[in-house]
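Subject: Structure handover

Hello,

Here is the structure I said I would pass on. My notes on confidence and salt bridges follow below.

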Amino acid sequence: MREFVFTVEYEKGADGVMDLFIDNPDLYARSMEISATNEAVWGIEKIVGPAAVLDEVEDALERVADSPGPTGMCGAPVTEYEYTILSSNAESRKIHWLRREGDGARSIPLVAAKHIGEGLIMRTERRGDQYRWRMLIDGTVSGIHEDVRANLREGLSLTIERLGTPPCLLEDGRVQQTLTPEQKAALEAAIKRGYYEEPRQQSVAEIAEDVGVSRSTFQYRLNRAEAWLAQQFASDSLDVDLDVDLDPEDIEFIQ
């Protein structure tokens, strides 16, 4: 088995949903499950970000579902698209989606299913202008690469990141996703301005005003940073089995 990792980069305006990731650095998505045949692709994706931006994501998905003529990543017409919000809270959405494409150059998962067939395992993540794909395959990838690169629609580009032996399971079960630069900056700002001192020197609203972001955005970034730190502490000091609630993204494949 080999892991094939590549990234599709989107120019602003090339895709309405990806535009939201480009405009909002706190928005992040990763797949929990993706399956594909020659006829259809479906999956479950977890999206995290500020509440207002998540509402915009739902609106964008609704526009795609209602649009009479959307096209796939490589230009084939989307003949069917549907989605369901499986769970929703202030910081995340879990979405089940299904897509079918008509004749023409089809999108990555459909191309991969055509070349690889049964046994294909895929994962994805999205942040900024990048839509990263990971595939665990037993076979060649040249056909997938050639089909996708030759047919990507305008505004999209492809970069190959890795083709080789997949990493082993994380030895300590720790969540590997690190803080984003924005979350790290929020935590540093809170520390420098005495947010964690007793008595507290500045409030969230005051710090947000100092650093030039909205209160809700700063609070979201700080909450995510604190949650990450708590997970690290639990993994290192409390011998807590964090794998119970981890998404598949948090565990690397075994060779």
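pLDDT is the predictor's confidence in each residue, from 0 to 100. The chain has a mean pLDDT of 82, with 86% of its residues at 70 or more. Confidence is highest in helix α1 (residues 16-23), at a mean of 95, and lowest in helix α7 (residues 215-238), at 78. Helices are DSSP runs of H or I with at least four residues, strands are runs of E with at least two, and they are numbered from the N terminus. Over residues 168-176 the pLDDT is below 50.

This is a predicted model, in which local features need pLDDT of at least 70, side-chain atom pairs count only at pLDDT 80 or more, and totals for chains, interfaces and linings use all residues. Residues are numbered from 1 along each chain as its sequence is written, and side-chain values use heavy atoms, with hydrogens and water left out.

The structure holds 16 salt bridges (a side-chain nitrogen of Lys or Arg within 4 Å of a carboxyl oxygen of Asp or Glu). One of them joins Arg-123 and Glu-3, at 3.5 Å from N to O. Arg-123 is in strand β6 (residues 121-127) and Glu-3 in strand β1 (residues 2-10), so this pair ties together parts 120 residues apart in sequence. Arg-123 is buried, at 5% relative accessible area, and Glu-3 is buried at 2% (buried means under 20%, exposed over 50%, partly exposed in between, with a 1.4 Å probe and protein chains only).

Another salt bridge pairs Arg-221 with Asp-26, at 2.5 Å from N to O. Arg-221 lies in helix α7 and Asp-26 in the loop between α1 and β2 (28-36), 195 residues apart.

Regards

Conventions: Contact = heavy atoms within 4.5 Å.
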